[in-house]
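User: I am new to this structure. Can you show me how to read its main features?

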Amino acid sequence: MTTATQVKNDVKDLSLAPLGKQRIEWAGREMPVLKQIQEQFAKDKPFAGLRLVACCHVTTETAHLAIALKNGGADALLIASNPLSTQDDVAASLVADYGISVFAIKGEDNDTYHRHVRTALDHRPNIIIDDGSDVVATLIQERQEQLADLIGTTEETTTGIVRLRAMLRDGVLTFPAMNVNDADTKHFFDNRYGTGQSTLDGIIRATNILLAGKTIVVAGYGWCGKGTALRARGMGANVIVTEIDPIRAIEAVMDGFRVMPMDEAAAQGDIFVTVTGNKHVIRGEHFAAMKDGAIVCNSGHFDIEIDLKALQGMAKEVKVVRNFTEEYRLNSGKSVIVLGEGRLVNLAAAEGHPSAVMDMSFANQALACEYLVKNKGNLEPGIHSIPTEVDQEIARLKLQAMGIFIDALTPEQTEYINSWTSGT
């Protein structure tokens, strides 16, 4: 029998495993679609003999994805995709109770994070599940000789897809990559409802402030920004949106939000949330214009959206005032509050997305991996979408689990929508 100490790992404390197992089981109550996939994988063993690396937020929901992959026969290894997104009890349970190799510690420094990325590559993966494309980027930059082992990769973050597209433009994406992020059952629900709820959850847990009546500035009106803005308004906040895309800006206006440049919003906001996936959305000139005590946080994948180096240079003192809450006292006498070190506030200060939405996201991840294996050698290098029939099947299974049923086309309706001869 394999013991926890025999499973390769670098986790905080294996004694946390009982609590982690309890929380993993609780999350599973809300993940019926992935449970069905787990059961099917256990029968079919689609990953038998394959090495698989997952670079994800190590949460109770991710645990169920890892279990599904192991059930499918994969020799799986899990690392964190963000230094602050690991739930240490979950990492311990995956090692101790499920025999899955995990290299992830909440609060790990950048050196440890990058060491874990290289540990993942030492596993010589045939399939990579990436959040943010750090493993894939490191593979291309440092381990070219391992590309021959790779069947393909999957990516479920907007940031990671942006990086993959850049790799494709530069001619270095020489293998298939599944774009899980843009599956309808991922971004419509995970990005909008998951990010919207969990971002506010992180802000509230870190600060315990009342959102009603506050002015919240949401930088970016993609699906994550839409969800954050909608949920903030639902909590009684006055919401300002900043954007660079004129179409998204119009959409935000039509949805009833005020839209303005960050230069103007900086002086008006009480709370700022970045969800753009881009660099230095909030900069030194914005900090200088902010109210005393303004709260700044990020819900994009990497910690580059807030220019913390500029803020550090403007500060005469930095102190921790609550868990995951730092006060930067500026030379001007004002203070700016930063949550979660500028990293994903919903995972740094809270528990990430609710299990019910991750059920669909991770169903996409699991089936995308199976799709890569089934189509090995037939997929061209580049970025591939989740097949529509897979997307719709995940939605159907989710509705079924919720006890919701929908109509089907009649033969007459099917004939009509497939014909051009019938008009008025």
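Analyst: Begin with strand pairing. Two strands count as paired if DSSP finds at least two bridges between them. Strands are DSSP runs of E with at least two residues, helices are runs of H or I with at least four, and both are numbered from the N terminus. The model is predicted, so local features need pLDDT of at least 70 and side-chain atom pairs count only at pLDDT 80 or more, while totals for chains, interfaces and linings use all residues. Residues are numbered from 1 along each chain as its sequence is written, and side-chain values use heavy atoms, leaving out hydrogens and water.

User: Which residue in β16 is the bridge partner of N179?

Analyst: The partner of N179 is S385 in β16. Step back to the strands. β7 (176-179) pairs with β16 over four bridges, in the parallel sense.

User: What is the order of the strands in that open sheet?

Analyst: In general, the strands of a sheet pair through backbone hydrogen bonds, either parallel or antiparallel. Here, eight strands run in the order β1-β4-β3-β2-β5-β6-β7-β16, with parallel pairing. β1 (9-10) and β16 (382-385) stand at the edges with a single partner strand each, so one side of each has no neighbour in the sheet.

User: Which strands does helix α6 lie across?

Analyst: Contact means heavy atoms within 4.5 Å. Axes are lines fitted to C-alpha atoms, for helices over the stretch in contact, and angles run from 0 to 180 degrees between N-to-C directions. Helix α6 (134-142) lies across β2 (51-56), β3, β5 (127-130) and β6 (152-155). Its direction is about 130° to β5. Helix α7 (158-169) also packs on the sheet, touching β6, β7 and β16, and makes about 135° with β16.

User: What is the strand order of the open sheet with mixed pairing?

Analyst: That sheet has eight strands, in the order β10-β9-β8-β11-β12-β15-β14-β13. At its edges stand β10 (258-259) and β13 (315-322), each with a single partner strand, so one side of each is left without a neighbour. β13 pairs with β14 (325-330) in the antiparallel sense over six bridges. One example: E317 has R329 in β14 as its bridge partner. Helix α9 (223-234) lies across β8 (215-219), β9 (238-242) and β11 (271-274), at about 170° to β8.

User: How do I read two packed helices?

Analyst: Use the angle between their axes and the distance between the axes. Angles under 35 degrees count as roughly parallel, over 145 as roughly antiparallel, 65 to 115 as roughly perpendicular and the rest as oblique. Take α1 and α3: their axes come within 8 Å and cross at roughly 85°. That makes α1 roughly perpendicular to α3. R23, I24, A27 and G28 of α1 meet T60, E61, A63, H64 and I67 of α3.

User: At what angle do α2 and α15 cross?

Analyst: The axes of α2 (32-44) and α15 (355-374) come within 8 Å and cross at roughly 25°. These two helices are therefore roughly parallel. From α2 come P32, V33, L34, I37 and F41; from α15, D359, F362, A363, A366, L367 and E370. By class, this contact has nine nonpolar, no polar and two charged residues. The nonpolar class is Ala, Val, Leu, Ile, Met, Phe, Trp, Tyr, Cys and Pro; the charged class is Asp, Glu, Lys and Arg; the others, Gly among them, are polar.

User: Which residues line the largest cavity?

Analyst: On a 1 Å grid over the protein atoms alone, a cavity is a set of points where a 1.4 Å probe fits but cannot get out; a pocket is an open set with protein on both sides within 12 Å along at least five of seven lines; lining residues have an atom within 4 Å of a point. The lining is A54, A66, L69, A76, L77, L78 and I100. These are seven nonpolar residues, with no polar and no charged ones. β3 (75-80) gives the most, three residues.

User: Which helix gives the largest share of the lining of the second largest pocket?

Analyst: α8 (184-207) does, with four residues. The lining has 17 residues, of which E61, E351, H353, P354 and S355 lie nearest the centre. By class, three are nonpolar, seven polar and seven charged.
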